[in-house]
Amino acid sequence: MADLKERLLPLKPQSATNLRGTTSQASASGRQPFQGLDLSGLKKRGQGLRSWIRVDTSGNSQVIEVDKFTMMRRCDLPARDLRLLDPLFVYPSTILGREKAIVVNLEQIRCIITADEVLLLNSLDSYVLQYVVELQRRLTSGVGEVWQPEGPELNRRSCRDFDNVYGSPSPDYLPFEFRALEVALESACTFLDSQVRVN
């Protein structure tokens, strides 16, 4: 029986030795009164990998798995900014402009926008998927239109109208970061509009 117990139970780490020395007595159950835990192998909360959707400037998307600290270094953001993106916490809608990134928390759209990519927490929410599809469409087509997926009752502003008003011949009239932010704002407005219609 003792041989089986030694094979099944892990060895006690050095931190689990009794603090009172070898003179302490075992309890009635045969266990030591204090057995310490070796916590060095456990991960701290929030350090696990998270799945992100990455959309680059040409509209290509991929799913990547990155931990919190790698994301902080990649985007040069403090931990408190990444907390805004956590779906477990409820924060008011926020757009934070940082030195190398824009942190967006607008209703269902929670993302980090940098100069060359958009990083969204991977979600099966339909508004997140619509955001990715619309952003990819705008980046690949190069047309700056206001996104209105519901129907033709609202006016659509095309790039030609923008050219006529402002005299800009380029369809890429905004940098990548602002186009991604524009699509996020339009998606949040669409979400809020649908909530108003339901109620």
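Which residues does Val63 touch, not counting residues up to four places away in sequence? Val63 touches Ser51, Trp52 and Asn122, where contact means heavy atoms within 4.5 Å. Welcome to this predicted model, in which local features need pLDDT of at least 70, side-chain atom pairs count only at pLDDT 80 or more, and totals for chains, interfaces and linings use all residues. Residues are numbered from 1 along each chain as its sequence is written, and side-chain values use heavy atoms, with hydrogens and water left out.

- Val63 sits in strand β2 (residues 61-66); helices (H or I, at least four residues) and strands (E, at least two) are DSSP runs, numbered from the N terminus.
- With 54% relative accessibility, Val63 counts as exposed (buried means under 20% relative accessible area, exposed over 50%, and partly exposed in between, with a 1.4 Å probe and protein chains only).
- From C-alpha to C-alpha, Val63 and Trp52 are 5.6 Å apart in space, and eleven residues apart in sequence.
- Asn122 belongs to the loop between β6 (117-121) and α4, and its 36% relative accessibility makes it partly exposed.
- Setting aside neighbours within four places in sequence, Asn122 is in contact with Ser51, Trp52, Ile53 and Val63.
- Asn122 and Cys111 are eleven residues apart along the chain, and 9.8 Å separates their C-alpha atoms.

**Where helices α4 and α6 meet**

- The axes of helix α4 (residues 126-141) and helix α6 (residues 176-198) come within 10 Å and cross at roughly 140 degrees; axes are lines fitted to C-alpha atoms, for helices over the stretch in contact, and angles run from 0 to 180 degrees between N-to-C directions.
- That angle makes α4 oblique to α6, because angles under 35 degrees count as roughly parallel, over 145 as roughly antiparallel, 65 to 115 as roughly perpendicular, and the rest as oblique.
- The α4 side of the contact consists of Tyr127, Tyr131, Glu134, Leu135, Arg138 and Leu139, while the α6 side includes Phe176, Arg179, Glu182, Glu186 and Phe191.
- By class, the contact of α4 with α6 has nine nonpolar, three polar and five charged residues (Ala, Val, Leu, Ile, Met, Phe, Trp, Tyr, Cys and Pro count as nonpolar, Asp, Glu, Lys and Arg as charged, and the others, Gly among them, as polar).

**Salt bridges**

- The whole structure holds nine salt bridges, each a side-chain nitrogen of Lys or Arg within 4 Å of a carboxyl oxygen of Asp or Glu.
- Arg50 and Asp86 form one of them, at 3.2 Å from N to O.
- Arg50 lies in strand β1 (residues 50-56) and Asp86 in the loop between α3 (79-83) and β3 (94-97), so their pairing ties together parts that are 36 residues apart in sequence.
- Arg50 is partly exposed at 32% relative accessibility, whereas Asp86 is buried at 11%.
- Glu134 pairs with Arg137, with the closest N and O atoms 2.7 Å apart; these residues are three apart in helix α4, so about one helical turn separates them.
- Glu134 is buried, with a relative accessible area of 6%, and Arg137 is partly exposed at 33%.
- Arg138 is buried, at a relative accessible area of 5%.
- Through shared partners, salt bridges join Glu134, Arg137, Arg138, Glu182 and Glu186 into one network.
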